[in-house]
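Here is a short briefing to read alongside the model. Have the structure open and follow the topics in turn.

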Amino acid sequence: MGKRVLLIEDEPNIIEAISFILSRDGWTVETHANGHDAVDVVQGNLPDVLILDVMLPGKSGYDILRELRAHHGQTELPVLMLTARGQSKDRDLAEQAGVNRFITKPFSNAEVLDAVRDLGEA
Amino acid sequence: MSGIRQAELARRVDISASYLNLIEHNRRRIGGKLLLDIAAILQVEPSLLTEGAEAALIATLREAASDHRDSVAELDKVDEFAGRFPGWAALLADSRRRIGSLEHAVQTLSDRMTHDPHLAASLHEMLTSVTSIRSAAAILADGGDIEPEWQDRFHRNINEDSARLADISRALVQYLDKVDDASATIGAPQDELDAFLAQKGYCFPELEDAADVNAFVRANREALSAVACNMLGMIAKRYAEDAADLPKSQLEAAVRAHGLNPWAMSQALQASPDLVLRRLAVWGEAMGLGPLGLAVCDASGTLVLRKAIVDFPFPRFGSACPLLPLFEALARPGYPVERVVSMPGQTEKPFKAFAVCRIILTDDPRMASLSQTVMLLAPLNGTAPDACQPVGVSCQICPRDGCRARREPSILGM
């Protein structure tokens with residue numbers, strides 16, 4: 001069984017596309033579609049790489065990441081953030097929350113795949 | 001000053017009391033013969049009368065200098081500058097005011113782009129759809145072994161997302177061009193007036209019968225800024241003249257006899273075609289002709305009145321589509337233009353357009369004649385026939401590829 005990726009994203013068609021390209025690359029992909037209980041889901045079954053959308057129902061990706069890093073000791077968990085906003089202040093927010101990689105929509109499949117491979121090998 | 005009443009002074013120098021009032025409050029510059037006449041009547045030195053205006057000018061110049069942190073303006077010589085070069089000083093002060101108002105507009109627009117939640121949400125949704133389409137399309141284009149079930153799924157996703165993208169784009173364009181949302185404007189008088197007219201349905205029964213235009217404008221003064229109120233006055237005057245020239249009862253009889261045929265109505269009523277189009281825009285829907293839109297432009301092609309209807313928006317900023325029959329009529333004054341046009345959308349929506357341009361002659365041989373062009377729009381049922389003319393809102397937001405009338409690229413990224 002390959003390494004595990006947990007994808008937290010609320011857009012079904014993006015979930016399908018990312019799941020497909022990562023599965024084809026040998027990753028085991030699990031998905032979750034809301035921010036409410038995302039921290040519990042991550043804590044309950046720690047992945048090798050976490051992919052986190054920023055705008056999620058219930059709780060933003062920034063808040064989820066801050067909680068994981070600050071309150072649950074997940075300082076080493078590799079996290080890739082996906083966002084529709086690419087302004088420098090959004091990048092700053094993601095970095096302050098403790099992100100490892102940050103890519104903006106519309107991204108290419110290759111960008112996602114490269115980022116996940118890098119984070120998984122780190 | 002010499003005990004003379006303001007009205008008497010105004011009468012003696014042949015100006016209105018209100019103009020004199022503006023001069024007294026430094027809102028109009030005074031000079032030349034008028035200055036000398038007033039000074040003579042008041043028995044004072046002419047320079048005494050210009051002191052107030054000069055003080056206001058000097059204050060504005062000081063503000064202009066303080067706007068620039070590293071200003072090298074000789075502040076100690078500002079009085080001398082204003083005194084020796086009053087024309088240049090006034091120009092500088094006017095430029096400073098203009099920069100202030102432009103900065104305010106830029107700030108408002110920038111604020112809107114950053115904080116408008118509807119705009120932000122729409123753009124986010126647009127990017128999400130584009131991402132999904134891009135991902136699924138790349139998977140299919142990459143080739144390799146993709147099971148038929150996955151292939152079907154990605155084809156379906158692309159189809160769904162492209163439909164969603166079309167909906168979002170259309171909604172976004174309509175939002176940006178919406179004429180009746182005063183909160184979305186930056187407060188330009190034309191926007192303010194458009195919002196007011198849209199709210200009233202472009203129909204003012206109180207102006208129909210021997211109307212008192214001034215009373216009408218006064219009654220609506222509270223709702224509008226001074227400039228928009230002034231513009232409303234011009235529209236109300238034209239409306240009242242139209243109502244007197246073609247009373248509602250006559251229009252109604254002509255509609256019953258001819259339906260939506262403004263040219264036949266014009267002949268039967270012995271009324272100018274532009275008058276018929278304007279009156280139909282006001283009352284046509286109430287008389288059973290369905291929703292009707294109206295656009296009026298002046299001789300420069302600038303839209304001065306826009307009554308938008310569903311699926312046929314007019315641009316709020318910038319220039320309209322040059323293919324509109326409105327501009328065809330503008331180029332052929334006096335000739336009625338009748339076209340079936342279609343607006344882009346999920347499906348092409350057809351509209352019947354009637355347009356005519358009337359020349360407004362002048363007796364002054366130095367002056368160019370003016371014109372006013374009117375276009376009436378009526379939606380047609382069904383999809384657009386092949387023979388109809390494609391038009392758009394404005395180039396920036398028009399998706400039509402290869403258009404011979406295009407002035408600039410579309411932001412929709414063709």
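This is a predicted model: local features need pLDDT of at least 70, side-chain atom pairs count only at pLDDT 80 or more; totals for chains, interfaces and linings use all residues.

Strand 4 of chain A, residues 79–83, is mostly covered, with 5 of its 5 residues buried.

**Strand 4 of chain A and its neighbours**
- A:V79, A:M81 and A:T83 point one way from strand 4 of chain A, while A:L80 and A:L82 point the other way, and all are buried.
- Strand 3 of chain A (residues 49–53) runs parallel to strand 4 of chain A, and 4 bridges join them.
- Within that pairing, A:L50 has A:V79 of strand 4 as its bridge partner.
- Helix 3 of chain A (residues 61–71) forms a right-handed β-α-β unit together with strands 3 and 4 of chain A.
- Strand 5 of chain A (residues 101–104) also pairs with strand 4 of chain A, in the parallel sense and over 4 bridges.
- In strand 5 of chain A, A:R101 stands opposite A:L80.

**The nonpolar cores**
- The largest nonpolar core has 62 residues, and B:L326, B:A355, B:M375 and B:L376 touch the most other members.
- Helix 11 of chain B (residues 226–245) gives the most to this core, namely 8 residues.
- This core lies between domain 3 (187–245) and domain 4 (291–414) of chain B, because both give residues to it.
- Leaving aside residues up to four places away in sequence, B:M375 touches residues including B:A295, B:L324, B:F354 and B:A355.
- Another core, of 46 residues, lies apart from the largest one, and A:I15, A:A17, A:I51 and A:L93 are among its members.

Methods:
Residues are numbered from 1 along each chain as its sequence is written. Chains are lettered from A and ligands numbered from 1 in the order in which they are written. A nonpolar core is a set of buried Ala, Val, Leu, Ile, Met, Phe, Trp, Tyr and Cys residues joined through C-beta atoms within 7 Å. A residue is buried if 20 or more other C-beta atoms lie within 10 Å of its own, exposed if 12 or fewer, and partly exposed in between; C-beta atoms are placed from the backbone. Helices (H or I, at least four residues) and strands (E, at least two) are DSSP runs, numbered from the N terminus. Domain bounds come from an automatic or database domain assignment. Two residues are in contact if their C-beta atoms, placed from the backbone, lie within 7 Å. Two strands pair if DSSP finds at least two bridges between them. A crossover is right-handed if, with the strands pointing away from the viewer, the path from the first strand over the helix to the second runs clockwise.
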